[in-house]
Structures are given as C-alpha cells and as structure tokens.
Amino acid sequence: ADLGCGTGISGEDFKSSSKTLIGCDISPKMTEMASAKGIYDSISLCGAIEFLQAQSEQSLDLVTAVDVLPYIRNLKPLFETAHAALKKGGLLAFTAEESYQDSDDMKGQDVIVKLNAYARFCHTEKCIRQLAEKHNFDVLLAEPAAVRLQGSKPIPGRTYVLRRRS
C-alpha cells in the first residue's frame with residue numbers, strides 16, 4: 001500500500017515486485033495522474049489513516065509513505081493503523097524530515113517534532129524510535145538521506161524501514 005501516492009512515482013518502483021499495489025492520496029488531481037499511469041490496482045481518494053482503517057486487519061505486506069510524514073504532526077494514529085493493517089513481519093517504509101536538528105535555537109532541547117520554515121513537520125529519530133517501540137515495530141533501517149529538494153537545496157532526513165513484531 002502506497003500512502004500519499006501522489007502521481008505514482010514511488011509506485012513505479014514497487015509495481016514489478018508487487019502482486020497487488022494499492023494507493024491513496026488526498027488530492028483528486030494526484031490520484032487522477034497516478035490512475036492514468038496504470039500502476040495501481042486501486043487508488044482511494046482519502047487520507048492515510050482513513051485508508052489504513054479501511055484495510056482488513058493483518059492484510060498488507062508493505063506500507064510505504066514517501067514524503068508523507070512531514071504533513072502529519074501526530075504520528076501515533078499512523079503507527080496504530082499501520083500496525084493493524086500489516087501482517088506479522090510486514091514492513092512499514094517511509095521518509096521523515098529532520099532539517100531543524102542543527103539549528104542554533106534547537107541545540108540542547110529535547111524536541112522530537114517541530115514545524116519547519118517550509119510548513120512541514122520534522123520528526124527526529126528519537127520520535128520515530130519511541131513510536132516504533134510503543135507500537136511493536138522493530139527498526140530495521142534508519143538511514144540518513146536527503147529526503148526531498150526544496151528548490152535546489154537538499155532537505156536532510158532519514159529513510160526508515162520498520163517490521164511489525166506482533
């Protein structure tokens with residue numbers, strides 16, 4: 001399942017290794033563009049939480065959310081619904097921005113989520129690891145990466161892969 005599938009860019013990467021590929025996005029224009037590519041078996045016009053709630057329990061092998069978390073402040077409902085929808089051993093893969101970490105006004109503070117100058121939420125590795133532990137996920141990967149470009153400036157963050165424990 002591809003949360004926030006947009007125009008289907010990440011879906012293109014997963015299609016060849018997917019038996020069934022489903023996606024969702026809140027933008028009618030984006031879902032229309034993704035549908036036109038013929039990548040997804042089905043696309044829903046809705047948010048990530050609503051989409052995951054509509055899935056049968058333990059029915060998904062993989063949930064992806066590329067450039068989605070920066071638009072969600074409170075990730076708890078996402079982790080809860082992803083856990084419910086994923087099969088035991090299923091994977092949750094996503095990116096998260098961390099662009100504020102080195103700013104002088106944040107040094108020494110125990111901040112785990114903050115709205116950045118581009119009106120997107122940044123979630124620290126500490127935040128993600130706490131949520132993963134609380135919702136029975138193992139963190140398999142937490143790799144630093146440039147998760148998007150803002151103009152020509154790379155925005156730092158991490159690529160995560162979590163596995164559902166139970």
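Ala, Val, Leu, Ile, Met, Phe, Trp, Tyr, Cys and Pro count as nonpolar, Asp, Glu, Lys and Arg as charged, and the others, Gly among them, as polar. The model shown is predicted, so local features need pLDDT of at least 70 and side-chain atom pairs count only at pLDDT 80 or more, whereas totals for chains, interfaces and linings use all residues. Residues are numbered from 1 along each chain as its sequence is written, and side-chain values use heavy atoms, with hydrogens and water left out.

**Figure 1. The largest pocket.** By class, 13 nonpolar, seven polar and two charged residues line the largest pocket. Its volume is about 510 Å³. A pocket is found on a 1 Å grid over the protein atoms alone, as an open set of points where a 1.4 Å probe fits, with protein on both sides within 12 Å along at least five of seven lines; lining residues have an atom within 4 Å of a point. Grid points are joined across faces, edges and corners, and a volume is the space filled by probe spheres set on the points. Of the 22 lining residues, Gly4, Cys5, Asp25, Asp67 and Val68 lie nearest the centre of the largest pocket. The elements that give two or more residues to this lining are α1 (9–14), β2 and α3. Helices (H or I, at least four residues) and strands (E, at least two) are DSSP runs, numbered from the N terminus.

**Figure 2. The second largest pocket.** The second largest pocket has a volume of about 300 Å³. Its lining comprises 17 residues, and Ala1, Ser18, Lys19, Thr20 and Asp61 are the closest to its centre. Both α1 and β4 give two or more residues to this lining, and β4 gives the most, with four residues. Six nonpolar, seven polar and four charged residues make up the lining by class.

**Figure 3. Two loop residues with positive phi.** Most residues other than glycine have a negative phi. Asp67, in the loop between β4 and α4, has a positive phi of about 55°. Gln58, in the loop between α3 and β4, has a positive phi near 50°. Asp67 counts as partly exposed because its relative accessibility is 24%; Gln58 is partly exposed at 42%. Buried means under 20% relative accessible area, exposed over 50%, and partly exposed in between (1.4 Å probe, protein chains only).

**Figure 4. The surroundings of Arg158.** Arg158 lies in strand β9 (residues 153–164) and counts as buried because its relative accessibility is 16%. A polar atom of its side chain lies 2.9 Å from the backbone oxygen of Ala142. Not counting residues up to four places away in sequence, Arg158 touches several residues (contact means heavy atoms within 4.5 Å), including Phe94, Glu98, Glu125, Ala142 and Glu143.

**Figure 5. The nonpolar cores.** A nonpolar core is a set of buried Ala, Val, Leu, Ile, Met, Phe, Trp, Tyr and Cys residues joined through side-chain atoms within 4.5 Å. The largest core has 31 residues, of which Leu3, Leu52, Phe79, Leu92 and Phe94 touch the most other members. Among the elements that give two or more residues to this core are β5 (86–97), β8 (137–150) and β9. Apart from it lies another core, of five residues, among them Leu21, Ala34, Ile39 and Tyr40. Leaving aside neighbours within four places in sequence, Leu92 is in contact with residues including Val63, Phe79, Phe137 and Tyr160.

Conventions
Polar contact = N/O pair within 3.5 Å; in protein donor to acceptor, adjacent residues only side chain to side chain.
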